[in-house]
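Student: Could we go through this structure together, and could you tell me what the labels rest on?

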Amino acid sequence: MRSLRWIFAVIAVCVSYRARHFGLSMPYPSFGTVQTIPQHKLPTPSELVGQYAPNEILKGVTKLFEGRLQGAESAQVCKSGTLWLPDKYGNVFTSEPDSKRTYKDLQKVAYVGPSRPLGHVFDANDNLVICDASKGLVMLEQATGKVVILASQVSDDSPLDPGSVINYANDADIAKDGTIYFTTSSDIPVVPNAFGFWDTYATFTATMLKGSVTGRLLSYSPKTKKTHVLAGDLFYANGVVVAHDQSFLLVVETMSVTIHKYWLKGPKKGQMEVCISSLPGFPDGISHSEDGNYWVAMAGPNQPFVKALPYRFLRFIFAWLPKLGLQPATKAYGMVIKVSEYGCSFAKARDYCGR
């Protein structure tokens, strides 16, 4: 115990020296200095009580491809019923259904790397549109197997951020008119790690500790080939889904534990408003529910580090701690909740042990 205290004391001295002489600069892959997080962006998660009380419903799910697929961000089913799953190494796998609840073995059908494929969705022609962590918005043509870059830069006529680079594209959905709506999570780049994959978790952590409120909502038109920024200043933009009636988008802001509504039609067209806030943890992906509501996958529960987010120097210290052994470990966790377009959450399924 005494030796551990000495280690932390030495680290504290070194970090304080660096802060005094170099400012609150962030380590690679980030850049610049630790930012002040606006008060309204700080997370205020709800407690796990009442409608969010723990349960073990997720223990009853059917597990697919356990131990055979690593880091699949999402899953999509094409018109023929085939399940498509990109992994964290840039490979794309498919699986054919053999019953209502199970699928056959995985088959590798494409490689879309280098980089990491994240959220993806099929267009009207059954091409797979993918958010790529470093390349931007790309498309895997199902007929040819070719990977086509749709957008790596914002168009010059965009009302916001014209000509800017598309970094860390995260999730996408497609409206009935063919418009692709997608998010970018941060201006901090995603880079490969020592284990051979592009480390989005490291960029997520850097975004949080820097206080980089640089997430965006964008649109891409296949007709005009134009990419426009619709909204910015999101604290790690994540999942996005087009409403059942096509009148709005629901956009996840992970670090603010909030889901926003961006209006596509009506008198509020072009406006963003809060749909639901103070979720019981950090929301990730969002998708349609058959009953007209929406499922939200939760990346994790409320954590003690949330209390440190208002303090720049504490975030600076955490950012410079060695990544092995001295940073808090994440605990396996699983939770999904159902929300309505009116800002109500009324169903959840959870397995705190993440099994």
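Predicted model: local features only at pLDDT ≥ 70, side-chain atom pairs only at ≥ 80, totals over all residues.

Tutor: Residues are numbered from 1 along each chain as its sequence is written, and side-chain values use heavy atoms, leaving out hydrogens and water.

Student: What makes a residue "buried", and what share of the protein chain counts as that?

Tutor: Buried means under 20% relative accessible area, exposed means over 50%, and partly exposed is in between, using a 1.4 Å probe and protein chains only. By that cut-off, 49% of the 355 residues count as buried.

Student: Why is a set of residues called a nonpolar core?

Tutor: Because its members are buried Ala, Val, Leu, Ile, Met, Phe, Trp, Tyr and Cys residues joined through side-chain atoms within 4.5 Å. The largest one here has 43 residues, and Leu-250, Met-255, Ile-259, Leu-279, Ile-286 and Tyr-294 touch the most other members. Among the elements that each supply at least two residues of this core are strand S14 (248-253), strand S17 (282-288) and helix H3 (312-320). H2 gives the most, with four residues. A second, separate core of 17 residues includes Leu-137, Met-139, Ala-151 and Tyr-220.

Student: Which residues does Leu-279 touch?

Tutor: Contact means heavy atoms within 4.5 Å. Leaving aside residues up to four places away in sequence, Leu-279 touches Pro-45, Ser-46, Tyr-52, Val-257, Thr-258, Ile-259, Met-298 and Ile-337.

Student: How do you know that S17 and S18 pair?

Tutor: Two strands pair if DSSP finds at least two bridges between them. S17 and S18 have five, in the antiparallel sense, so they pass that definition. Pro-283 stands opposite Met-298 in S18. The two strands form a hairpin with five residues between them, and Gly-292 in the turn has a positive phi of about 95 degrees. S18 also pairs with S19 over five antiparallel bridges, with Ala-297 opposite Val-336 in S19.

Student: What about S1 and strand S2: how many bridges do they have?

Tutor: Two, in the antiparallel sense, and Gln-76 has Trp-84 in S2 as its bridge partner. They belong to an open sheet of four strands in the order S1-S2-S3-S4, with antiparallel pairing.

Student: Why is one side of S1 and of S4 left without a neighbour in that sheet?

Tutor: Because strand S1 (76-77) and strand S4 (107-111) stand at the edges, each with a single partner strand. Another open sheet of four strands runs S5-S6-S7-S8, again with antiparallel pairing. There, strand S5 (117-122) and strand S8 (147-151) are at the edges. Strand S7 (residues 136-140) and S8 pair over four bridges, and Met-139 stands opposite Val-148 in S8.

Student: Which residues are buried in H3, and why are they said to be on the same side?

Tutor: Arg-315, Phe-316 and Ala-319 are buried in H3. They cover an arc of only 105 degrees around the axis, which puts them on the same side of H3. The arc is that of the directions from the helix axis to the C-beta atoms.
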